[in-house]
Amino acid sequence: MEALKKPSVPTETEQEASQKARSFWYYAWRRFRRNKLAVTGLVVLTLIVLVTIFAAPLTKLTLGWGRDEFELTAIRAIPSARHPLGTDSVGRDILTRLLYGGQVSLTIAAVSVLSNMVIGTIIGSIAGYFGGLVDNLLMRLVDIITSLPFLPIALTLVAIFGPSVRNLIFAIILTGWPGPSRLVRGEFLSLRERDYVEAARATGAPARRIIFRHILPNAMPPLIVSATLGIAGIILAEAALSYLGFGVKVPTPSWGNLLSEANNIIVLTKMPWMWVPPGLMIFLTVLSVNFVGDGLRDAMDPRLKR
Amino acid sequence: MRQYILRRLLQMIPILIGVSILMFAVIKATPGDPFSYLAGPRVNKATIDRMKAAAGLDKPLPLQYVNWVKQTVQGNLGYSLRTGEEVTSLLKKRIPNTLILTMTAFVIGVGLAIPIGVISATRPYSLVDYTATTFAFMGISLPSFFTALVAIFFFAYTLRWVPPNQMTTPGEAFNIWDMLHHLILPAIVLGLREIAAFSRYTRASMMETMRQDYIRTARSKGVGERIVIYKHAFRNSLIPIVTLLGFSLPDLFGGAVIFETLFTWPGMGQLTVEAVNNRDFPLLMVTNMFFALLVVVGNLMADVLYVIVDPRIRYS
């Protein structure tokens with residue numbers, strides 16, 4: 001790609017590096033590292049991921065509460081050393097559930113985004129490489145799916161199949177795959193006309209090799225950016241659905257359903273410590289993801305850089 | 001031009017048919033049927049079968065679908081399973097309320113976003129620009145229902161400036177000021193996301209336009225900076241923004257689903273959630289089609305507006 005454009009003020013090391021013709025990813029990472037907001041986002045995000053992954057040992061060692069363990073003598077307790085963020089309406093420790101909730105919210109986001117990318121890449125590649133009738137049919141299907149607004153369709157699926165993590169992921173994938181499909185298809189349409197692809201075809205390279213070796217790697221950068229920003233959207237969607245009671249079901253905690261405590265007017269008005277922390281966790285995570293996504297876009301597409 | 005719009009209108013039809021087939025299939029995938037559900041276990045099977053036959057539910061699915069389309073285009077949208085109310089009359093009550101909420105949010109959002117974006121772009125990397133950028137990032141990263149909860153907590157319960165929910169004060173005769181008083185909080189919070197998103201788009205688009213040669217030409221001719229910005233740059237930078245306005249419709253109405261539930265605003269979003277809770281499928285089918293129609297109309301508006309504002313684009 002055009003990633004090898006020289007920076008305006010080449011330093012010694014940069015000149016040296018460009019002589020060695022390092023990989024695109026090397027330069028992308030270097031540009032990314034210079035973006036303070038993106039790096040901060042990545043650090044915060046890594047911390048959040050680590051804390052949620054190790055939720056079980058962390059909470060066991062420090063607070064000693066289990067995920068669904070409740071204390072009947074401490075219902076809606078105010079924050080104390082015993083319960084740093086208080087307890088919920090059944091006496092469960094909120095901080096503990098906050099960490100476990102992150103596990104659920106982030107897993108849903110990761111699984112859905114990965115599936116969307118895989119499905120999107122397959123459909124987009126088929127449509128973009130073969131074109132013609134196949135492309136036409138697939139893109140009309142994409143048009144139809146993208147005309148289904150996410151929340152109403154997710155609510156419908158939940159009404160039919162019941163609220164659960166699995167059905168939530170299913171709803172997100174069902175409405176989510178057209179985005180990356182369109183993107184990959186667009187990349188294919190422009191890349192397959194390039195001279196180097198033409199050259200590969202002239203040398204007799206099979207379709208498989210052209211797709212996987214010559215086109216897909218070049219379609220990856222925009223896909224990675226859109227996947228990253230897609231994670232932000234999915235975390236917000238999961239939270240909204242679970243908050244409304246149509247997503248992750250208690251006792252399994254998620255950042256969204258922890259916020260449903262705020263449906264109680266007394267909790268909402270008098271006990272902000274119960275519902276503000278999960279909201280802030282969602283905010284912090286999504287903000288970090290957005291910073292990382294933005295940084296990735298700048299790093300991977302130097303043409304956009306001012 | 002007229003032909004272009006007409007052709008785009010015709011293109012909507014296959015998409016809407018596709019959407020309705022998909023929705024129909026999904027809803028028909030429901031285990032059990034509404035009549036056994038409504039009648040309960042005591043009613044014998046023959047009676048239920050008779051009721052189903054009367055409603056045409058014993059026919060094969062494709063035929064049921066065709067019947068549904070026939071009835072729908074004649075304006076017969078069926079009855080709510082739960083309340084027995086005619087769906088058409090429900091829509092008549094609910095759609096205006098949703099439009100009031102979303103359109104106010106839209107006007108507030110875009111009305112604030114465009115000036116913010118222009119100011120950011122004319123003073124890039126200044127304190128104003130950084131502040132606007134920070135707020136925009138926060139705006140798109142906050143879960144909207146959380147923002148709404150904080151706003152209710154703060155403005156409705158702590159400061160008591162506005163009522164926390166409902167569209168009008170219960171038990172009082174309708175008056176416009178009362179409704180505006182109820183409208184202001186949900187509309188502003190719903191508009192926040194639009195402010196964040198559109199101030200970014202406006203900024204990017206303005207920055208892009210300011211780099212064009214004709215801006216340099218205008219400046220070198222000695223045209224005043226104010227005129228360069230507002231006459232030359234701003235008008236041209238609006239072109240991509242206008243397109244995005246159409247695409248923001250689904251987002252706004254999707255947001256309405258959450259906001260109407262949170263603020264108990266009696267619109268289409270709340271109706272959808274009620275239909276889901278009651279497993280009221282005839283109603284759900286209609287509300288979903290309503291949202292899908294909005295998306296399709298939003299896309300159409302985006303395309304048509306694009307052609308109108310940009311004479312360089314040929315609508316062939």
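So, to start: is the crossing in which helix 9 of chain B passes helix 10 of chain B left-handed or right-handed? Hold that thought for a second, and keep in mind that this is a predicted model.

Okay, the two helices. Helix 9 of chain B covers residues 213-220 and helix 10 of chain B covers residues 225-262. Their axes cross at roughly 150° and come within 10 Å. Angles over 145 degrees count as roughly antiparallel, so that's what we call helix 9 and helix 10 of chain B. And the crossing is right-handed. Who's touching whom? From helix 9 of chain B we have B:Tyr214, B:Ile215, B:Ala218 and B:Arg219, and from helix 10 of chain B there's B:Val228, B:His232 and B:Ala233. By class, that contact has five nonpolar residues, one polar and one charged.

Now, another pair in chain B. Helix 5, residues 87-122, packs with helix 6, residues 127-141, at an angle of about 135°, and the axes are 8 Å apart. That angle makes helix 5 of chain B oblique to helix 6 of chain B. Here the crossing is left-handed. On the helix 5 side of chain B you'll find B:Ile116, B:Ile119 and B:Ser120, meeting B:Val128, B:Asp129 and B:Ala132 of helix 6. That contact splits into four nonpolar residues, one polar and one charged.

Last stop, the two chains together. Here 34 residues of chain A are in contact with 36 residues of chain B. Several helices of chain A supply at least two residues each, including helix 11 (207-244) and helix 14 (272-300). Helix 7 of chain A gives the most, with 10 residues. And the class count for that side of chain A? It's 28 nonpolar, five polar and one charged.

Methods:
Residues numbered from 1 in each chain as written. Chains lettered and ligands numbered in written order. Predicted model: local features only at pLDDT ≥ 70, side-chain atom pairs only at ≥ 80, totals over all residues. Axes fitted to C-alpha atoms, helices over the stretch in contact; angles between N-to-C directions. Helix = DSSP H or I, 4+ residues; strand = E, 2+ residues; numbered from the N terminus. Parallel < 35°, antiparallel > 145°, perpendicular 65-115°, else oblique. Left-handed = near helix turned anticlockwise from the far one by under 90°. Contact = placed C-beta atoms within 7 Å. Nonpolar A, V, L, I, M, F, W, Y, C, P; charged D, E, K, R; others polar.
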